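I opened the notebook to look up one residue and then its surroundings. Entries follow in the order I made them.

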Amino acid sequence: MPWAYLRDIRNVVAHDYFGIDPALVWHTARTELPALRPSLQALADGGLDQDERRSEKPAP
């Protein structure tokens, strides 16, 4: 899971909302997010063991 990338996108949306391209947001929501759903669902269901969770987190 690209946690750092997701965090960065959130920061842009939260703080640079006048610079957001609505077409890019729509594209991301329709094409990029569905690809992440299986990983997010597995995480929500507890399907990742502790080692997998640790390896998925970005380094500080």
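Where is the place of Tyr5? I found Tyr5 in helix H1, which covers residues 3-15. I noted that the model is predicted.

Next, exposure. Is Tyr5 buried or exposed? Its relative accessibility is 51%. Exposed means over 50%, so Tyr5 counts as exposed.

I then looked at the surface around this residue. Tyr5 forms a nonpolar patch there with Ile9 and Val13. Together the three have about 280 Å² of accessible area.

I looked up the largest pocket and read a space of about 410 Å³. H1 and H2 are the elements that give two or more residues to its lining. The lining has 17 residues. Nearest the centre lie Tyr5, Ile9, Leu24, Val25 and Thr28. Which element gives the most to this lining? I found that H2 does, with 7 residues.

Whole-chain entry. I read 3 helices and 0 strands. The order from the N terminus is α-α-α. Of the 60 residues, 5% are buried. The accessible surface comes to about 5,100 Å². Carbon and sulfur atoms hold 59% of that surface.

Last, confidence. The mean pLDDT of the chain is 79, and 78% of the residues score at least 70. Where is confidence lowest, and where is it highest? Helix H3, residues 50-56, is lowest with a mean of 54. Helix H2, residues 22-44, is highest at 88.

Conventions
Residues numbered from 1 in each chain as written. Predicted model: local features only at pLDDT ≥ 70, side-chain atom pairs only at ≥ 80, totals over all residues. Heavy atoms only, no water. Patch = residues over 30% accessible without salt bridge, like charges linked within 9 Å, V, L, I, M, F, W, Y side chains within 5 Å. Areas by Shrake-Rupley, 256 points an atom, 1.4 Å probe, with all protein chains shown as cover. Salt bridge = Lys/Arg side-chain N within 4 Å of Asp/Glu carboxyl O. Helix = DSSP H or I, 4+ residues; strand = E, 2+ residues; numbered from the N terminus. Buried < 20%, exposed > 50% of the residue type's maximum accessible area, 1.4 Å probe, protein only. pLDDT = per-residue confidence, 0-100. 1 Å grid on protein atoms, 1.4 Å probe; cavity = no way out; pocket = protein on both sides within 12 Å on 5 of 7 lines; lining within 4 Å. Points joined across faces, edges and corners; volume = space filled by probe spheres on them.
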